[in-house]
Amino acid sequence: MNPFNDDYFMRQALAEACAAAEEGEVPVGAVIVCNDRIIARAHNQTELLNDTTAHAEMLAITAATSVLGAKYLVHCRLYVTVEPCVMCAGAIGWSQLSEVIYGASDEKRGFTRFAPQAFHPKTVVRHGILEEECAREMQAFFRKKRGN
């Protein structure tokens, strides 16, 4: 039995999302895995960096390419708590990640609505891993922000 399965890696991404929420950031977390080892982890930092492009996926891709010393992430998997937006989908496509696994869907801003062909043709996409927990983290953040 492999303890390093989808649930394990998505829980690592969820830990990043919780860190984002604690910092007042929209709670999205991401990890990039290569050979069952996390080589990059990140969470949204748009507020901290005053940068609308500082999404968890973008920061994780940058970190992973630095670790590998290569611009392509062909043999890597991205775990992210929420469906990537169009911007992140473009970066994921250019980085040629082999697999993208996300927890909760994003009907308002997710790539499947606006750019379903953005990823590299060989990229495998799976979703719904710890979906309820990922969605709950996002919902709790916005409830708190609205004062509900």
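Five strands make up an open sheet with mixed pairing, in the order β2-β1-β3-β4-β5; strands are DSSP runs of E with at least two residues, helices runs of H or I with at least four, both numbered from the N terminus. Two strands pair if DSSP finds at least two bridges between them. The model is predicted: local features need pLDDT of at least 70, side-chain atom pairs count only at pLDDT 80 or more, and totals for chains, interfaces and linings use all residues. Residues are numbered from 1 along each chain as its sequence is written, and side-chain values use heavy atoms, with hydrogens and water left out.

At the edges, β2 (37–43) and β5 (124–127) each pair on one side only. From one strand to the next, the twist averages 15°. Strands β4 (residues 99–104) and β5 run parallel and are joined by four bridges; V100 has V125 of β5 as its bridge partner.

Angles run from 0 to 180 degrees between N-to-C directions, and axes are lines fitted to C-alpha atoms, for helices over the stretch in contact.

| Helix | Strands touched | Angle of directions |
|---|---|---|
| α1 (residues 6–22) | β1, β2, β3, β4, β5 | about 50° with β3 |
| α3 | β1, β2, β3 | about 145° with β2 |

The axes of α3 (residues 56–68) and α4 (residues 86–95) come within 9 Å and cross at roughly 20°. The two helices are therefore roughly parallel (angles under 35 degrees). E57, M58 and I61 of α3 meet M87, C88, A91, I92 and S95 of α4.

Definitions and conventions: Parallel < 35°, antiparallel > 145°, perpendicular 65-115°, else oblique. Contact = heavy atoms within 4.5 Å.
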